[in-house]
Amino acid sequence: MREAKDGPPNRELYALLHLSPEASDEEIRKAYRQWAQVYHPDKYQAPHMKEIATENFQRICEAYEILSDENKRLIYDIYGMEGLTSGLELGPKLNKVEELKEELERLRQRKEQEKALAHFRPSGTILASLSLPQFLEGDGIMRGMAMSSEVQSQLSKNSILAFGGNLEVNDDSGGGAASVVLRHQLSSVSSIEFIASAGLRALVGIQTTRHLSSHSTATMAVAMSLRDGSINLSNNWTRQISETTNGNIQLLLGIESSISVGWQKKDERMSAAGELKIGTSSFGASAHYTHRFSKKSHGRIQGRLGSTALELEVGGGRKISEFSTIRMLYSVGIQGIFWKFELHRAGQKLVVPILLSRHFSSFFATGAFIIPASVYFLLKKFILKPYYLKREKQKALENMEKTSAQVQEAKAAAQKAQQLLQNVANRKRNKQLEIGGLIITKAVYGARKALTKLGETGESSDELASQVLDVTLPLNFLVNDSGRLKVWFSRVLLLI
């Protein structure tokens, strides 16, 4: 039994001809001739069989017409049938595959730019800092609050204007600042930014970035404070070490000069980063590691050590919708013991750190970690997980109802096509019986849960029958004279 999975996009035409996406032109021609002989309408006399053969023959011809044309095949591989039907004109200027690919990439970038032009991109953070000891002392629970926001607007194809600001209140003091940044793309490898801010950190500056090679980037910036006239210079070099890892070195010259070395690694299952910074009057090191347990949940650990910081932070988060993620973190350090709650939605973020104790106590620190962790796992097991499973099952049922007509139509077409293979499949099966070769006695293709249930019970209900398809006959048809079976599943070749 074989489970039905969502393979890579734009592979349907290859499946029609039973080919790998990497098939050569000769393999495509050979497959077309083979299936054209099977589905040619002239081979069938009965009206209903001729109708079925005509329908399948037309599909085979359409697949061959696209896959045998180098340009059309490239468009199909990248954009699927939508790319072929979108009205892209292939004229004399697009004779080479490389030129066609470049043109398609330009069209894709243009669509992305047009989409960006039509929307502002806002982002912001709200920080509400709470204190349990302060509340118990009768001074109120709020320690402080901070807000920051930024709005980006695409002025033109190569220019972006960003406005930002922040406000902060802590006990009896506070402050704020406003900034504006103009980013301009000078070329495909270089850009420039003009920066100005007013408030507590009033300054003006300029920053340039350039790609030195396909793996290296350099950034240089100069800024002057409008309060005391001091000048800061910074240089940053970034190098791609591997497909998933980058390294960087930053040099800062000014009132507080420093040099820092860092690295970042990110792949599908994890992300990690570390940095070591040495300054004229301070030093510090930090690192964090995030592991993705699934598409929706992750765990995180972070540490900071230096002349002004000593902190360990652990926690995790879960995606609760397409755009929203919640996260709970626990930290202990010289600043005290904290719980931290975060809500991320699109470009907006709400952070609520709660100070539990200003002094370190091993008993209190252990309890502050174990109690919320235990509560979370109990809620997850008895409330959250059953709720999400029920919701996902409901969505699956709704989706099945919406697509049931299309599924039944496709299934009916497949069953009709099998009728055309009946005679040849039986002849091949009898030959394999004579020589003691390969014979497929039972093969079904469908959803994992349906296949598992079918294998356990051995009984087929109407619901299960709608989710699986018997492919015994077509697999016997695909067995060659030497008793070998070659089946393509996505990009994987299965030989039996």
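This is a predicted model: local features need pLDDT of at least 70, side-chain atom pairs count only at pLDDT 80 or more; totals for chains, interfaces and linings use all residues.
Local features need pLDDT of at least 70 and side-chain atom pairs count only at pLDDT 80 or more, while totals for chains, interfaces and linings use all residues. Residues are numbered from 1 along each chain as its sequence is written, and side-chain values use heavy atoms, with hydrogens and water left out.

**View 1. Helix α3 against helix α7.** Here α3 (residues 47-67) packs on α7 (residues 362-435) at an angle of about 110°, with the axes 9 Å apart. Helices are DSSP runs of H or I with at least four residues, numbered from the N terminus; axes are lines fitted to C-alpha atoms over the stretch in contact, and angles run from 0 to 180 degrees between N-to-C directions. That angle makes α3 roughly perpendicular to α7 (65 to 115 degrees). Look for His48, Met49, Ile52, Ala53, Glu55 and Asn56 on α3, which meet Ala413, Lys416, Ala417, Gln419 and Leu420 on α7; contact means heavy atoms within 4.5 Å. By class, this α3 contact with α7 has 6 nonpolar, 3 polar and 2 charged residues (Ala, Val, Leu, Ile, Met, Phe, Trp, Tyr, Cys and Pro count as nonpolar, Asp, Glu, Lys and Arg as charged, and the others, Gly among them, as polar).

**View 2. Helix α2 against helix α7.** The α2 helix (residues 25-39) and α7 have axes 9 Å apart, at an angle of about 90°, and are therefore roughly perpendicular to each other. Trp35, Val38 and Tyr39 of α2 touch Ala417, Leu420 and Leu421 of α7. This contact of α2 with α7 has 6 nonpolar residues, no polar and no charged.

**View 3. Helices α2 and α3 side by side.** Their axes come within 9 Å and cross at roughly 170°, so α2 and α3 are roughly antiparallel to each other (over 145 degrees). From α2, the contact takes in Ile28, Arg29, Tyr32, Trp35, Ala36 and Tyr39; from α3, Ala53, Asn56, Phe57, Ile60, Cys61, Tyr64 and Leu67. The α2 contact with α3 has 11 nonpolar, 1 polar and 1 charged residues. Among the buried residues of α3 are Ala53, Asn56, Phe57, Ile60 and Leu67; buried means under 20% relative accessible area, with a 1.4 Å probe and protein chains only.

**View 4. Glutamine 418 in helix α7.** Glutamine 418 is found in α7 and counts as buried at 15% relative accessibility. Not counting residues up to four places away in sequence, glutamine 418 touches Asp470, Leu473 and Pro474. Valine 471 is 53 residues from glutamine 418 in sequence, and the two are 8.7 Å apart in space, C-alpha to C-alpha.

How values were computed. Helices (H or I, at least four residues) and strands (E, at least two) are DSSP runs, numbered from the N terminus. Angles under 35 degrees count as roughly parallel, over 145 as roughly antiparallel, 65 to 115 as roughly perpendicular and the rest as oblique. Buried means under 20% relative accessible area, exposed over 50%, partly exposed in between (1.4 Å probe, protein chains only).
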